[in-house]
Structures are given as C-alpha cells and as structure tokens.
Amino acid sequence: MMSLIKSSLARKYVMALSGLFLVIFLILHVTINLASVFSPEFFNEASHFMGYNPIVQFLMQPILIIGVIVHFVMGFVLEIQNKKARDVRYVKYKGSANAPWVSRNMIYSGLVILAFLALHFYDFWVHEMAYKYIEANPEDPTRYYGETVEKFAPFWRTILYVISFVLLSLHLWHGFASSFQSMGANNKYTVGFTKFAKIFAVVVPLAFAFIAIYHHLNPITH
C-alpha cells in the first residue's frame with residue numbers, strides 16, 4: 001500500500017480502477033432500486049438475495065467497502081499531490097483558465113458524497129446488520145420494499161438524497177470520463193467512451209433521485 005502511495009503513476013491507476021469498480025456497483029445498485037418503483041415483489045426478492053447470499057455478504061460486500069475506502073483515500077492523496085504541483089508551477093494559479101470547475105472541485109464533491117455515504121450506510125446497512133446480527137430477527141423476504149419507502153417519508157431526507165445525487169453527477173461527469181485517460185488509454189474509442197461516460201453521469205444519478213422522490217410522494221398508507 002505504501003509503495004502505491006509513493007508512485008504517482010500507480011496512484012492514478014488505483015484511483016481510476018477503484019472508480020470504475022464503483023461505477024459497476026452503481027449500475028447494479030440503481031437497477032435493483034428501480035425495481036422498487038416498477039415491481040416491489042422483485043425488489044423484495046433481489047434485496048433478500050443480496051442480504052442473505054453468503055458470496056454477496058462475506059466476499060462482495062467487504063470488497064465494496066475496501067473499494068470505497070481506497071478510492072477516497074487515493075482521492076485525498078492525489079489532491080494533496082496536485083496542490084503541491086500547482087504551488088510550484090504557478091506563482092498565481094488561475095484555476096478557471098487551466099481546468100473546468102468540476103475538475104478543480106472533485107475533492108469537494110467527493111467529500112459531500114462521502115458524507116452522504118455515511119448517512120446511506122446508517123439508513124440501510126447499519127439497520128440491516130442490527131436486524132440480522134444484533135436483534136437476531138428471522139428472515140422476512142417481504143420487508144425490504146416497506147422499509148425503503150419509509151426511509152423517504154421525511155422531506156429533509158429526500159432533499160438531502162437528491163442534493164447528494166446532483167453532486168454524484170458532477171463527480172462522475174469528470175471522474176468517469178477521465179478514468180480511461182488516467183490509465184493511458186487514448187485511441188479511436190476514447191471519444192465514444194467519453195460521450196457514454198457523460199450520459200451515464202446524468203442518467204444514473206437522475207434515476208436515483210427519481211426513486212427517492214417517487215417513494216416520498218407515494219408513501220404506504222395501509
């Protein structure tokens with residue numbers, strides 16, 4: 001780990017690969033969550049599978065947590081490295097003339113997303129761990145839809161989620177599109193991939209925001 005932190009090239013590779021790994025997770029996450037809008041039964045089945053499958057719980061979940069930690073730690077390391085480089089190169093750094101706003105503020109959008117992840121983990125992951133391992137409740141494959149809708153009942157939580165998804169979109173707008181360039185990829189597919197990354201950066205956070213707003217406006221009344 002220390003050798004990775006010391007190598008500039010290795011840091012960029014690790015940052016890009018961990019980001020791409022989290023993008024794959026986002027695709028899976030938004031697909032399952034969209035089911036809560038269109039098919040609560042399928043959402044319950046998928047959530048129960050993810051919550052009790054041993055491969056998901058004891059292999060994929062730890063890998064995901066490690067991926068999140070590595071991505072954010074490497075983000076802070078690169079931010080410090082870039083700041084030192086700017087101080088050396090420019091007597092007066094004109095940020096807006098050298099890079100777009102989204103690129104220059106990746107660390108801040110990342111910090112907001114990190115704070116959101118803490119709330120998201122508290123809302124769902126901590127609740128799930130307490131349900132299974134502390135309270136030792138029996139398996140109930142039908143509970144996930146109701147619990148999810150209930151989370152979005154408070155207006156403040158729904159707004160907080162939506163704001164976080166806007167920041168996620170800005171973060172992906174630059175981070176996803178530049179991930180392949182960070183690994184040195186520059187070929188005939190680069191333009192197409194960049195366009196796909198921009199569309200992804202809008203569509204996926206928009207879908208997450210839609211899910212939160214939909215459940216806030218459609219509470220369970222019985």
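1. The largest nonpolar core of this predicted model has 28 residues, a nonpolar core being a set of buried Ala, Val, Leu, Ile, Met, Phe, Trp, Tyr and Cys residues joined through side-chain atoms within 4.5 Å, where buried means under 20% relative accessible area with a 1.4 Å probe and protein chains only. Those with the most contacts inside this core are Leu26, Tyr161, Phe165, Leu172, Phe176 and Phe200. Two or more residues each come from helix H2 (8-38), helix H4 (54-89), H7, helix H9 (155-182) and helix H10 (190-217), and H10 gives the most, with nine residues.

2. Phe200, leaving aside its neighbours within four places in sequence, is in contact (heavy atoms within 4.5 Å) with Val23, Leu26, Ile27, Leu172, Phe176 and Pro205.

3. The secondary structure comes to 10 helices and zero strands, taken as DSSP runs numbered from the N terminus (H or I of at least four residues for helices, E of at least two for strands). Of the 222 residues in the protein, 38% are buried, and residues 24 or more positions apart account for 78% of the contacts with a separation of 6 or more.

4. Helix H3 (residues 40-52) and H8 have axes that come within 8 Å and cross at roughly 100 degrees, the axes being lines fitted to C-alpha atoms over the stretch in contact and the angles running from 0 to 180 degrees between N-to-C directions. H3 is therefore roughly perpendicular to H8 (65 to 115 degrees; under 35 is roughly parallel, over 145 roughly antiparallel and the rest oblique). Pro40, Phe43, Asn44, Ser47, His48 and Tyr52 in H3 meet Tyr144, Tyr145 and Thr148 in H8, and by class this contact has five nonpolar, four polar and no charged residues.

5. Helix H7 (residues 106-134) packs with helix H8 (residues 144-151) at an angle of about 140 degrees, with their axes 11 Å apart, and the two are therefore oblique to each other. The contact is made by Asp123, Phe124, His127 and Glu128 of H7 and Tyr144, Glu147, Thr148 and Lys151 of H8; by class it has two nonpolar, two polar and four charged residues.

6. As to conventions, residues are numbered from 1 along each chain as its sequence is written, and side-chain values use heavy atoms, with hydrogens and water left out. Local features need pLDDT of at least 70 and side-chain atom pairs count only at pLDDT 80 or more, whereas totals for chains, interfaces and linings use all residues.

How values were computed:
Nonpolar A, V, L, I, M, F, W, Y, C, P; charged D, E, K, R; others polar. Buried < 20%, exposed > 50% of the residue type's maximum accessible area, 1.4 Å probe, protein only.
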